[in-house]
Amino acid sequence: MNASVLRLVLRGSFAGNKARLALTVLCIALGVALAGAVHTLHASALAEIERAARALSGKADVEIRGPRSGFDEALYPLIAKREEVLVASPVVDLEAPLANSPGTLRVLGVDPFRAARLQAGYVAGSSSANFTWSTEGLDASNAWLTPAALARLGAQPGQTIALRSDAGDVHLRIAGVLPSLDAGGDAAVVDIAAAQERFGRVGRLSRIDVRLRPGVDAAAFRTALASVLPPGVVASAPASIATRAESITRAYRVNLTALALMALLTGLFLVYSTLALQAARRRQEHALLRALGVTGRGLSFLIVMEGALVGVAGAIVGTLLGLAASRAILRRSGTDLGAGYFRGLDATFAPDPWALGAIALLGVAAAAAGCGVIARAASRLDVAAALRDRALDVPQQRSGGVIAAACLAALGAVLLLVPPVTGLPVGGYLAITCWLAASVLLVAPACRGALQHLARVRDPVAALAVAQVRHLPGHLSASVAGIVVSASLCVAMAVMVHSFRVSLDAWLQGVIGADLYARAAEEGDTVRFSLEQQGRVAALPGIARVDARQYDRLAIAEGAAPLTLVARPLDATILRGFQAEPAEPPPATSEVPVWANDAALDLQAWRIGDRVTIPVAGRSIAVVIAGRYRDYSRTWGALLMDLAAYRRITGDSSASDLAIHLRDRSQATAVSAAMRAALPEMGSLALEDGTSIHRRSLEIFDRTFAVTYALEAVAIAIALGGITSSFAALAWSRRREFGLLRHLGLTRREILRMLALEGAATGLLGALIGLASGAAISLVLVHVVNRQSFHWGMEVHWPLAALAALVLALVAACAAGASWSARAALRDDAVRAVRDDA
Amino acid sequence: MTPCARFEMMHRALLLLAGMLAACMALAQYDPVVPGHALQFPRDLGSHAGHRLEWWYVTGHLDAPRGPIGFQVTFFRVRNPAAEGQASRFAPGQLLFAHAALADPKLGRLRHDERSARAGFGLAEARAGATDVFIDDWSLKLEDGAYRTRIPAGDFTLELAMRPTQAPMPQGEGGFSRKGPGGEHASYYYSEPQLEVTGNVRIESESMAVRGVAWLDHEWSSAMLAKDAAGWDWAGLNFDDGASLMAFRIRALDGHTLWAGGTYRDGAGTARTLRPGQVRFEPVRTWKSPRTGTTYPVAMDLRVDDRTWRLEPLLDDQELDARGSTGTLYWEGAVRASGASTGRGYLELTGYREKLPF
């Protein structure tokens, strides 16, 4: 078959149905765009994190870091004096709230003498003839800003910035800019002594960056250090910062990618049904081609080629769309993806051509695969019969679908038992794919079954519709399959998100027990309530009780996600609020009882009753895992400990948050004012009532899932569009039939009603099968995928109203789509239509 | 007065303080430098934390298998009163700087490296009561009757023991060294000339045993420099007959000598303090740096009364351009002396490019 023939035939096949073709391309494009955008955003974010880490740690080989509260500076000389160490640079790294505007500023306290040997950029003006750095570099009132920080604050060198701290507001003069730290992001660099002195960190360090002597093996050094480092302080390679960021976001990213693949899967079915319908319409054409000497193989090639072309178009549009979208998102809101992982990170657009190419190829492959089935049927065409035959039906799959579906369903069930692979719910995703395939395979037998049992209807129009549907079981199956795939994915996502939201709502109800919450500062880690300040608040009239809370981030192992320690007064009521199991403190033990969230249990492989040690305040503390509790506010490990025990261990009586119970809830405003008056030195004090926290948490949830909601809506819209256009294609080829019916006396309205009934039947069948398989998939999402990727346990809650609305919408849309799409075909003069037939 | 490199290093040290000078003076009373205050050993071998500036400055000639080599090792201590009284152990109340250079005729220019640190944590200290100063693994210490220094630098390592063969040589009036006509600019200053050097030098991957002769200066002060000084010439010479000579002059902007002085001590140990009129530096040959375009009088006739020594550099290019890191540019070079007697020492030339900014 030469190229010009191919071109002619392809042109012929695409000319007929532009709207449907466009939808198919759009669907492929959507999948490709989504996967591409997710990947690009994430790659850009990671590249930025990597670059920032590199920019700030310079030539460091090893990074020694401790919990959020830092570690004793006595470690510094021990590290610096080691044989293997060329330079050890101590760092105080803190996040200070801005005094005069919302937000925080990262403050890096470094010893410029040391830091400059790892990263010359810490010393301002080092390239100028005047050694300006040492003139002012050690002055505790000076700060050097990275260009990013300068730009964000809209400040100029010479101006003063004010930051909040325990010890009162810290005023720093912007002595200069550190242009070489530009890639390091938003930060102010001050002398380490100033950071310790002015932000209440005397004696504490956050980090020690180490450069090793040439020839020293970094991994061996880290191992050797293990015995030297106090509990809770770990040595890691600087690159593991990016690795850690990657592992934290991986589950979220994989979920979005899975959504993208599902869009591609929907596209595959749309391609299949589009081309299947076309193939049916063009059976004679295909037969003619065969008669003219095109081999069966050649015909298959032709059809797959058509699909591939659709795929290529979709992939190109999708890749461009994905790039444009990720670029726009980067520019407008950073790399966040709505989940807050990379908040405040200003990444540069860094698309990865290889990954994007692979995703585009996947789109082309999906489209080509959709055609493969049709191509096989077409190549087996009985030429003589097809030339005579005017049947419009889609080639039907052979029997055996039920058995195959049962096998797939069983395989899916087995896959559910597969443990997560490197933290990813691979088994869950495969099970979803199996079940989806099974439900698609079940479509044809289900359609056959439904048609057999369809009751005889009296209404002649309805009877006509039934007869029509019965006459074209292949078309019915193809249309239903398209609906099944998108409907089941929508149902599954809807059930999952709803279950999550209801569980979160209930959890918030239990967790938010106090009337008023006070935070020393909205963000940042430099301001806390001292014991004396806590006492001042507790003594205010109108306050029944004040519960203090303190947090620390513990470093458990190199490269591992940190573990958050939440210290607060615990009693049975509070534990029940956290849905802790058991909610009763255990009988007195020598170990401190702690409750671990699901993530901590999963990630640390702890079980209830285990006795483990955790590093708190530089010591190894023996604790017993008294139970599990739910924590939707953290995607990784967290431990709940009684505040009294925490204070006994750490000797730290300060608090980050206060939960305030009022004598009279209606007095919240008055008490808030009294608190501000009682704590005049706390400029950063943030007060919020429980209801508002509850509402805000749900808002954050909705924002996080906004991407999901949007994708669901688009998937439904595309599926409906596809079905409408498939009906339109069918209607066009049924002009003769419509003409005959008109000829026989049916009104235009009656024909439209017949078509609407056909559409409704198709929609209902698809929606019901989709509902069933979607419900099954939602269970996988809730109990396997979510649990394994986010470690959030939850109950399944059925959004019955939403599901009913979805079914109704599908049925209505199919009915409306079917009748609407036939109007053009019906506009034709009936007589002419019949003559057409002659 | 002391070598010009130290002058340059001091320049850096002073810059450090320049911005807050007035405040410092109000905040802290530096220990004064007054005449008639006799030096006491071993007390004065160590650090004088109350003074503003202090340095231990070693220069010398080494005989190595590859030929003669000059070396220079300096430790500076600077007091930063602005940081005093803080609770943080990192408070930069005392700062230490170290500088090392190797004059290698085979290379044709200097190899040099430096270290800076705030004192503390046992990582960088200048101890009181004994010569013991270090920044990480760079150290200078008087131990078992010899000054021992270890300088593992980038492309060279010095490991030297320098044994005094004579008593310390107090400069000026029993250790009180005037830097100008008035009494307000002065330092406490003694030298250890004729140090007998043994040890090892690594140059790149080549390690070699060396012997030689060195000179150590230890000087501390709180107010050193006159405002109208543009630069300094300094020389410290160990003569083959056991005699030693330290001579310096402070140049004004127009090149005329603002102040001069020195000490000559003969091999028998009889020292003579030199007054401004007794010391003259006369340029014989200049060398223009191809890198910075600065012209230095690298060969000098040094006249003390009626005796003249011709100072010829071991190599012309001993310019130390540390503007990229410390902002200093000067010539600090190993020289050979001939004429009235023969010997080896160091010549230091600063302020030849531009007026020093203080």
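The crossing of α15(A) and α17(A) is right-handed. In this predicted model, helix α15 spans residues 426–453 of chain A and helix α17 spans residues 473–511 of chain A; their axes come within 9 Å and cross at roughly 140°. Angles over 145 degrees would count as roughly antiparallel and those from 65 to 115 as roughly perpendicular, so α15(A) is oblique to α17(A). On the α15(A) side, the contact is formed by A:Leu436, A:Ser439, A:Val440, A:Val443, A:Ala444, A:Cys447, A:Arg448 and A:Leu451. These meet A:Pro473, A:Leu476, A:Ser477, A:Val480, A:Ala481, A:Val484, A:Val485 and A:Ser488 in α17(A). Of the residues in the contact of α15(A) with α17(A), twelve are nonpolar, three polar and one charged.

The crossing of α16(A) and α26(A) is right-handed. From α16(A), the residues A:Val461, A:Ala462, A:Leu464, A:Ala465, A:Gln468 and A:Val469 meet A:Glu750, A:Arg753, A:Met754, A:Leu757, A:Glu758 and A:Ala761 in α26(A). The contact of α16(A) with α26(A) comprises eight nonpolar residues, one polar residue and three charged residues.

Chain A also contains an open sheet of nine strands with mixed pairing, in the order β16-β17-β15-β18-β14-β13-β19-β12-β20. Strands β16 (611–616) and β20 (686–689) of chain A stand at the edges; each has a single partner strand, so one side of each is left without a neighbour in the sheet. From one strand to the next, the twist averages 30°.

Helix α18 (residues 531–538) of chain A lies across β13 (543–554) and β19 (657–662) of chain A, and runs at about 150° to β13(A). Helix α21 (residues 643–650) of chain A lies across β13, β14 (563–568), β15 (592–597), β16, β17 and β18 (638–642) of chain A. The direction of α21(A) is at about 90° to β18(A).

Definitions and conventions. Residues are numbered from 1 along each chain as its sequence is written. Chains are lettered from A and ligands numbered from 1 in the order in which they are written. This is a predicted model: local features need pLDDT of at least 70, side-chain atom pairs count only at pLDDT 80 or more; totals for chains, interfaces and linings use all residues. Two strands pair if DSSP finds at least two bridges between them. Helices (H or I, at least four residues) and strands (E, at least two) are DSSP runs, numbered from the N terminus. Axes are lines fitted to C-alpha atoms, for helices over the stretch in contact, and angles run from 0 to 180 degrees between N-to-C directions. Two residues are in contact if their C-beta atoms, placed from the backbone, lie within 7 Å. A crossing is left-handed if the near helix is turned anticlockwise from the far one by less than a right angle, and right-handed if clockwise. Ala, Val, Leu, Ile, Met, Phe, Trp, Tyr, Cys and Pro count as nonpolar, Asp, Glu, Lys and Arg as charged, and the others, Gly among them, as polar. Angles under 35 degrees count as roughly parallel, over 145 as roughly antiparallel, 65 to 115 as roughly perpendicular and the rest as oblique.
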